[in-house]
Amino acid sequence: MTDKQRPKTENGRSAGPIVVAGPTGVGKSDLALRLARELSGEIVNYDSVQIYRGFDIGSAKPAAETRALVPHHLYDVVDADEEFNAADYARLARPVLDEIVRRGNRPILVGGTFFYLRALLAGLPEMPGRDEAIRARISAVAERPRGPVWLHRWLSKVDPPSGNKIAPNDRHRVERALEVWLSSGRPISSWQRPRAGSGELPAVILGLNIERKKLVELLDRRTERMFAEGLVEETRTLLQRYPKKARPFGTIGYREAIAVLEGEMDTAAAITETARRTRAYAKRQMTWLRAEPDVQWLDASNRDDVFAAAMRLLRG
């Protein structure tokens, strides 16, 4: 994306993508939609679950009617049994952003997977690629009883920073970190990672924040609504198409829905556990985002107010 390709703001300055960031459930999709309608924008997803076909309710994917209001990109583009990572996402997203700019519109990035966002804006370090033999060995261990727990302990021993940062139930990232260590002899935490906001693609990053108690109330209500709207049935249908070990089945909500289907939890317990994991995820998102440079923080308590504040910032 060259300077000539970048759209201009009202005062003639070059304008890169707008990033709407913040914890899950804070109202990012709503703000992105309003900005897109006001600024001739097109929405680009950077959520690692919404990118999968069919994983709709549990990922809070925008409804089809909403996506029809303005162009939406990178939703429903990957099958759950395909290998897909942050580097793959960046390769898909860059041409999408370029095409939006060529049409004279403004890319508006929205989602919650900040590692995907970092890969797109700043690139990724040159780490070892996928090693099928090593990956197979690690996956075999993960399939054993308490295998994921053992793998996380192993990671914490050989790479303490990654062991502290990566959640024990994040099987994909645990396995990738061990794969890098085994194939290179270096812990994944030792590879220099570019930071969003200081990389190749400048962007205006709007960080939405809200008082913690109110966010928890919003998240708990959303979790109840997901199960009421058919998350367990959606999961049942998806299990007929994809193997249980497919990555998105381990994400928040889908893992609990599987537990309901397999008789390991009742619905009430699944709702409680999904809400707990969602709250913890929102906390991790805020920790990550607060460490990023150049974030323009906005109070998201009132949707009209946050839209007005965003517009003042973007037009100022």
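The model is predicted, so local features need pLDDT of at least 70, side-chain atom pairs count only at pLDDT 80 or more, and totals for chains, interfaces and linings use all residues. Residues are numbered from 1 along each chain as its sequence is written, and side-chain values use heavy atoms, with hydrogens and water left out.

**Confidence**

The predictor's confidence in each residue, from 0 to 100, is called pLDDT. Its mean for the protein is 89, and 92% of the residues reach 70 or more. Over residues 1-14 the pLDDT is below 50, and this stretch has 26 contacts in the model beyond near neighbours in sequence; a contact means heavy atoms within 4.5 Å. Where pLDDT is low, the predicted coordinates should not be read in detail.

**Overall form**

The protein has 13 helices and six strands. These are DSSP runs numbered from the N terminus, helices (H or I) having at least four residues and strands (E) at least two. For 316 residues, a compact globule would have a radius of gyration near 20 Å, and the protein agrees with its 20 Å. That radius is taken over C-alpha atoms, and the globule rule is 2.2 Å times the number of residues to the power 0.38. Along the principal axes, the C-alpha atoms fill a box of roughly 60 × 45 × 35 Å.

Of the 316 residues, 48% are buried. Buried means under 20% relative accessible area, exposed means over 50%, and partly exposed lies in between (1.4 Å probe, protein chains only). Among contacts between residues at least 6 apart in sequence, 74% join residues at least 24 apart.

**Salt bridges**

There are 20 salt bridges in the structure. Each is a side-chain nitrogen of Lys or Arg within 4 Å of a carboxyl oxygen of Asp or Glu. The table gives three of them.

| Glutamate 42 | Arginine 103 | 2.8 Å |

Glutamate 42 and arginine 103 meet in a salt bridge. They link distant parts of the chain, 61 residues apart: glutamate 42 is in strand E2 (residues 41-45), and arginine 103 is in the loop between helix H3 (86-102) and strand E4 (106-110). Glutamate 42 counts as buried because its relative accessibility is 3%, whereas arginine 103, at 44%, counts as partly exposed.

Arginine 276 and glutamate 273 both lie in helix H12, three residues apart, which is about one turn of the helix. Arginine 276 counts as partly exposed, at 40% relative accessibility. Elsewhere, a network of salt bridges links Asp56, Lys61, Arg67 and Asp76.

**Two buried residues**

Glutamine 50 is placed in the loop between E2 and helix H2 (64-67), and at 7% relative accessibility it counts as buried. A polar atom of its side chain lies 2.8 Å from the backbone oxygen of serine 59. The backbone oxygen of alanine 60 lies 3.2 Å from a polar atom of the glutamine 50 side chain. Leaving aside residues up to four places away in sequence, glutamine 50 touches residues including Lys61 and Asp76.

Threonine 223 lies in helix H9 (residues 212-228) and is buried, with a relative accessible area of 2%. Apart from residues up to four places away in sequence, threonine 223 touches Ile271, Thr274, Ala275 and Thr278.

Terms used
Polar contact = N/O pair within 3.5 Å; in protein donor to acceptor, adjacent residues only side chain to side chain.
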